[in-house]
Amino acid sequence: MTDLRRAMTRELWDAVHSGSVVPSAFPAIGVRVVDRPELLPSRLPVREAALATVSTALLAAASFSEERGGSAPLTVTLDAGHVAAAVRSERYVRLGGAPAVSATFAPLSRFWPTADGWLRTHANYPWHRDALVRALGAGDEPESVARAIRELSGEQAEASIVGAGGIAAAVRSEREWHEHPQGRAVAGRRLVERTSIPGAQPRTRTAGDRPADGLRVLDLTRVIAGPVCTRYLGALGADVLRLDPPHRPEPDGTWDTVLGKRSAVLDARTREGLGQLHALLDEADALVHGYRPGALDAFGLTPDDLAERHPGLAVVALSAWGPTGPWGARRGFDSIVQAASGIAVVEGDEDRPGAMPCQLLDHGTGYLAAAAVLEALTAQSREGGTQVRELALARTAQWLLGQPRPEPSGPLPADVEQVDAWLRPVESPDGRLDVIAPVGAFDGRPLAWPHRVGAYGAAKPVW
């Protein structure tokens, strides 16, 4: 499938750079890949897509380094085994030699049979779990939830749970999603939406030892896709500051999402906190956020507000469903988008829906977003303006579903997880962590995390 991986990488490169005033040619250096075809078995080309998204981020980093006056890397290398571990990195974090967090979903995050099919729920956060059981009038035991859902159609359960502030999606086929109003809205958007708001002069950025050295990236992201983007920028040399609100803490076991960055707590609902947020943006090069479309508007973070108050930023926004359509403001996660978009049906069998061997929509969109940040910074240095990019998990799902698929040949082979070769130690306040190293190498020099990682929320919200 080497040719498919190369074609997918070229397609992603073109998607990231589409509409640029000064188009960037696909880098001639390419990516040298050590392939391992037995990894990430799937009915969709998951392995090739994972390699393509990571390759796009690496090529964007090489191109950005050259744009800043650095020498272009002679070689960009990648091992498919490392990529397979990296797109499942949340499973493998070890603290003192033991798993740092459970690799499973919460008990109420699963597929449930309905009166007419299946439903997928996400209840890892306590407030989403509470909304789920409240909507169903059920207890918080799986058996009680199962009885309540079994009495409803998939769409009835979906509407009830979402209406109560929970997260769920009826399992739909590809055809059903294509005919759904939100499916049509997603199909009408580009993989990477690009907007340039005039009014800012180009910023000059000199090269450093690593492609993103000297960059300041403000990180307002949570869970997986956004943190994958920003931690990768950290591995490339950026100073990444993650901010979280005090009233919505992350669950235990966030080590995988704070690698390569500093993590602070800031309450933008207060006057002082909002002032701190905008002071940070005054000195930032890029803002990456993963909140629902419109959720940050009240804080002066619309693209137009940012262009007026902080001209010259690169702004990359990630969401589940994109900003248009009836679900534009709806919450969502990788597993939920897989269920709604048809992926769960493709990956399942006659008895029940299934899932990809990794949360590729999250990880793949994260690496693609990292490439979009670097492209937006390149565009800003060439043409000025405030550069805005938008990506959505559902649009990545559509891209993946549109790719050629492996020829079916009976049951999928057993999954293979090669991990130990890619684990690296870092120090934390709780002791030694073993984590998956950042993926890829330039001129034979592997990327690496800083040797020490701070605890979630422990840093000060300052550059």
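Start by selecting Gly19: it sits just after helix 1 and takes a positive phi of about 90°. Before moving on, note that this is a predicted model, where local features need pLDDT of at least 70, side-chain atom pairs count only at pLDDT 80 or more, and totals for chains, interfaces and linings use all residues. Residues are numbered from 1 along each chain as its sequence is written, and side-chain values use heavy atoms, with hydrogens and water left out.

Now step back to helix 1, residues 2-17. Helices here are DSSP runs of H or I with at least four residues, strands are E runs of at least two, and both are numbered from the N terminus. Colour its buried residues (under 20% relative accessible area, 1.4 Å probe, protein chains only); among them are Leu4, Met8, Leu12, Trp13 and His17. They pack (heavy atoms within 4.5 Å) against strand 1 (32-34), helix 2 (46-67), helix 14 (360-383) and helix 15.

Hop over to helix 15, residues 393-401, where eight of the nine residues are buried. Trp399 and Arg395 are included in that set.

Next, show strand 14 (residues 386-392), which runs antiparallel to strand 8 and is joined to it by five bridges. Pick Glu193 and you'll find its bridge partner, Glu390, in strand 14.

Finally, zoom out to the open sheet: seven strands ordered 8-14-13-12-9-10-11, with mixed pairing (at least two DSSP bridges between two strands). Strand 8 (193-197) and strand 11 (262-265) are the edges, each pairing on one side only.

Definitions and conventions. Buried < 20%, exposed > 50% of the residue type's maximum accessible area, 1.4 Å probe, protein only. Expected span 1.5 Å × (residues − 1).
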